[in-house]
Amino acid sequence: MIEISSQRLPALIRRFPTGSPGLGALTEHVLTTGNGRWWADRPSRPRALAVTCADHVLLRGDPGALTPEALARFADRYVETPARFRPALGSAFERVVPRERMLYVHQPQAPVSLPRTPRGVTVRRLTPEDVPALADLHSEDAWIHASWGGPAGLAAAGHGWAAFARGRILSVACTYFLGSAYEDVAVVTLPDRRRERLALACVAGLTADIRARGHAASWCCSRDNRPGRLLAWTAGFRLTREYVHHVTGRAWAHEARATEVASRSA
């Protein structure tokens, strides 16, 4: 697929979900923040379209318009797409693993028992001065600011809350995808500071901000992620629906090219 300019999007955006929770906010997030890319099978009158942000892909249109080579750029991603694209994905990647997901929406009337902040810990909204603290997160946790283009983007956005101790971030919750009606949230906590309810405190601050913006908060997690599901429920989120996305592996097209180059060099 080829990258297309955002200037062409008004005529194409209706193919993607808008004003809906979960990944439905991804398209609007890319439009609003500029963090993400748009793809099409051809420059004019495209038959298949994709929008990507962080490790997520929304794919729409006609799967018959896509070759394995066209899909290769979406290797090692989380792909959400109609079921008709499943054969095309299977032809493009060495593995395509379906993952059952659960979508929750925050209910302001749900009872939430706010935790007491541990001594020495401050829970507050992120500011631009917090870039170094975000950058110091372990590489395994760097995904938390990927949808904002990195630590500086998230820190400046005003859409994150974190628990701090001595200038170090212990837990952070943020709007991962910013939509016109919903904000899909994400949370990460350092392994050695879990079970202190720091994530709950961060989520509580974030959801209050989201309500003040006139939006509703949503939360997506794997069916197998019991701690995530429990945190969502405790923070006042309630299950709305279940869906499946697919995790792609390496692209067959890349493997084929590597084999071809090796045979020519022999």
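L178 has E183 as its bridge partner in strand β10. Seven bridges join β10 (residues 182-189) to strand β9 (residues 168-178), and the two run antiparallel. Here, helices (H or I, at least four residues) and strands (E, at least two) are DSSP runs, numbered from the N terminus, and two strands pair if DSSP finds at least two bridges between them. This is a predicted model, in which local features need pLDDT of at least 70 and side-chain atom pairs count only at pLDDT 80 or more, while totals for chains, interfaces and linings use all residues. Residues are numbered from 1 along each chain as its sequence is written, and side-chain values use heavy atoms, with hydrogens and water left out.

**The sheet**

- Twelve strands make up an open sheet with mixed pairing, in the order β1-β2-β3-β4-β5-β12-β6-β11-β10-β9-β8-β7.
- At the edges sit β1 (2-3) and β7 (122-125), each of which pairs on one side only.
- Helix α6 (residues 198-212) packs on this sheet and touches β6, β7, β8 (160-165), β9, β10, β11 (216-222) and β12; touching, or contact, means heavy atoms within 4.5 Å.
- The direction of α6 makes about 35 degrees with that of β9, where axes are lines fitted to C-alpha atoms, for helices over the stretch in contact, and angles run from 0 to 180 degrees between N-to-C directions.
- Helix α7 (residues 226-234) also packs on the sheet, touching β6, β10, β11 and β12, and its direction makes about 160 degrees with that of β11.

**Strand β12 and its two neighbours**

- On one side, β12 (residues 237-248) pairs in the antiparallel sense with β5 (residues 78-80) over two bridges, and Y78 has V247 as its partner in β12.
- With β6 (residues 96-106), β12 pairs over eleven bridges, again antiparallel, and F237 of β12 is the bridge partner of H106.

**H29, a buried histidine**

- H29 belongs to helix α1 (residues 26-33).
- This residue counts as buried because its relative accessibility is 0%; buried means under 20% relative accessible area, exposed over 50%, and partly exposed in between (1.4 Å probe, protein chains only).
- Leaving out residues up to four places away in sequence, H29 touches G34, N35, C53, S147, W148, Y176, F177 and L178.
- A polar atom of the H29 side chain lies 2.7 Å from the backbone oxygen of S147.

**R42, a loop arginine**

- R42 sits in the loop between β2 (37-40) and β3 (48-53).
- With a relative accessible area of 33%, R42 is partly exposed.
- Beyond residues up to four places away in sequence, R42 touches I2 and R47.
- The side chain of R42 has a polar atom 3.3 Å from the backbone oxygen of S44.
- T32 is ten residues from R42 in sequence, yet the two lie 24 Å apart in space, C-alpha to C-alpha.

**The whole protein**

- The protein holds eight helices and twelve strands, and its C-alpha trace spans about 65 × 45 × 35 Å along the principal axes.
- Of the 266 residues, 50% count as buried.
- Among contacts with a separation of 6 or more, 67% come from residues 24 or more positions apart.

Notes: A polar contact is a pair of N or O atoms within 3.5 Å; within protein, one must be able to donate a hydrogen and the other to accept it, and residues adjacent in sequence count only if both atoms are side-chain atoms.
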